Amino acid sequence: IELYGVPPKFPEEDPEVRAQMEAELAAAAKAKADKQQAGGKVKGGKTKLIQKTGTGIVRQWNILKRMVPEEEIPKFADPIYWLMHFPPIGVDHMKRFGSGVDWRRAFITTSVNGYYDAFIRWQFNVLKQKGKVLFGKRNNVYSLVDGQVCADHDRSEGEGVGPQEYVLIKLKVLAPDHGQERHGKMEKLLKRVEDEGKKGVYFVPATLRPETMYGQTNCFVLPTGEYGAYYVDATDEVFIMSARSARGLSCQAYDAANDVYFTKEFGKIECLETFTGDELLGLPLKAPNATYEKVYTLPLLTISMGKGTGVVTSVPSDAPDDYVALKALKDKPDFAAKYDITPDMVEPFDVVPIISIEGYGDASAVFMCEKLKISSFNDKSKLAQAKDETYLKGFTIGVMTYGPHAGKKVSEAKQLIRDEMIAAGQAHLYFEPESKVVSRTNDECVVASTDQWYLAYGEDSWCSAVKKHVL
């Protein structure tokens, strides 16, 4: 109204301006569609509004004009007027549908309703006095473009998706030992890091199973993937990971209690060097908790760069995908040679039994692959079945057979090993959305540690009090 008057005179009423605006929208939609197709995701390039109206030039005035008399539209500049106008229409429609609703109990749950507002204020003041309303860092799905937490109603994709906790395992890059030309950039990076007094370069695979790190035999990257070497201020180290995951890490707390983030500037992280996955293959690594003193980076063609860090640590005893991939490199010399993987990078590394599962033995991944006759990482449905079964059985009935927690159930040892690795500086917590989340501004969301008031629902004393009252 302020810009275009009442009734408004929009610039697209000029045919030439309209043609130019529609051309720009069409070009943007095509670019988006091409980008999605290149990433293997074939979707239409139109937004919901374009699909509904048939044009990309959408004005709220024109939408409302289809619903209310035009002279009434200026009243909707007041947000309270929306509450007065549309709810009665909704009630009328529901009645005409024949819905069985007791409308006498209907009320507005905002400050417009003074009675309800007073109740909520009283409720939260009491909870705060009792120490149930807390303030601190919380991990939430977040849009960097919008600069705020992205709630369900702010999303064009990913409704209901929450944060997923991972553990970043730090595999230290050792000096390349095979004289391969492709390691030139890494050799320069290692020298630079040493000269500048930084603490080292690490591959940082994201895992849900820190308790299995005793069984590491190698590390996987995607040969065609794009990776970066990112400087992490909080640890004075360099992490090898995808740009997507580095962007997320830069929004997260390294030490939430002391308000310390992984990077000095929220949402910003310095990239010291870029690599293709092929340039990272064949590098020697020092893997924490592993039985082998040194492991190597190997190719895995099924890695998704849209999940985790694009780096995968390999535990072939308990991960069917890892077992099949390692076995393929051992059994098919031509396949290994294609990626310049030498025999000494794979042959000495046998499966390390670490977890015993009744009925599955002490190498459940091997057992399931043999049982289902999985011979290739192209057997995707069988691998998914094997993975689901081994992971479930491993957690519920598995018993650790290796390491300081041998004899304990996996479900008990998992948290202990996770905490020990973090305390020792061998690992860090990392979060990302459970699946892809896109805001209505078309930004792929991350998980960020943000200041937030919240209710301590998980507190034992509160939980016990409620159970005592109810049961």
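Trainee: In what order do the three strands of the open sheet with β4 stand?
Mentor: Strands are DSSP E runs of at least two residues, helices H or I runs of at least four, numbered from the N terminus. Two strands pair if DSSP finds at least two bridges between them. Here the order is β7-β4-β19, with antiparallel pairing. β7 (206-207) and β19 (427-433) are the edge strands, each with a single partner, so one side of each has no neighbour in the sheet. This is a predicted model: local features need pLDDT of at least 70, side-chain atom pairs count only at pLDDT 80 or more, and totals for chains, interfaces and linings use all residues. Residues are numbered from 1 along each chain as its sequence is written, and side-chain values use heavy atoms, with hydrogens and water left out.

Trainee: How many bridges join β4 to β19?
Mentor: Seven, between antiparallel strands, with β4 spanning residues 163-169. Pro163 has Pro433 of β19 as its bridge partner. Helix α13 (residues 410-423) packs on this sheet and touches β4 and β19. Contact means heavy atoms within 4.5 Å. The direction of α13 makes about 115° with that of β19. Axes are lines fitted to C-alpha atoms, for helices over the stretch in contact, and angles run from 0 to 180 degrees between N-to-C directions.

Trainee: Which residue forms a salt bridge with Glu165?
Mentor: Side chains of opposite charge can pair when their charged atoms come close. The criterion is a side-chain nitrogen of Lys or Arg within 4 Å of a carboxyl oxygen of Asp or Glu. Glu165 pairs with Arg418, closest N and O atoms 3.1 Å apart. Glu165 is in strand β4 and Arg418 in helix α13, so the pair ties together parts 253 residues apart in sequence.

Trainee: Is Arg418 buried or exposed?
Mentor: Buried means under 20% relative accessible area, exposed over 50%, partly exposed in between (1.4 Å probe, protein chains only). Arg418 is buried, at 13%. Glu165 is partly exposed, at 33%.

Trainee: How many salt bridges does the whole structure hold?
Mentor: The search finds 29. One of them joins Asp259 and Lys137, at 2.9 Å between the closest N and O atoms. Asp259 sits in the loop between β11 (253-255) and β12 (260-261), Lys137 in strand β1 (residues 133-143), 122 residues apart. Lys191 and Asp195 also meet in a salt bridge, at 2.9 Å, N to O. Both lie in helix α6 (residues 184-195), four residues apart, about one turn.

Trainee: How many residues of β15 are buried?
Mentor: Five of the five, in residues 295-299, so β15 is largely enclosed by the rest of the structure. β8 (residues 218-221) pairs with β15 in the parallel sense over four bridges.
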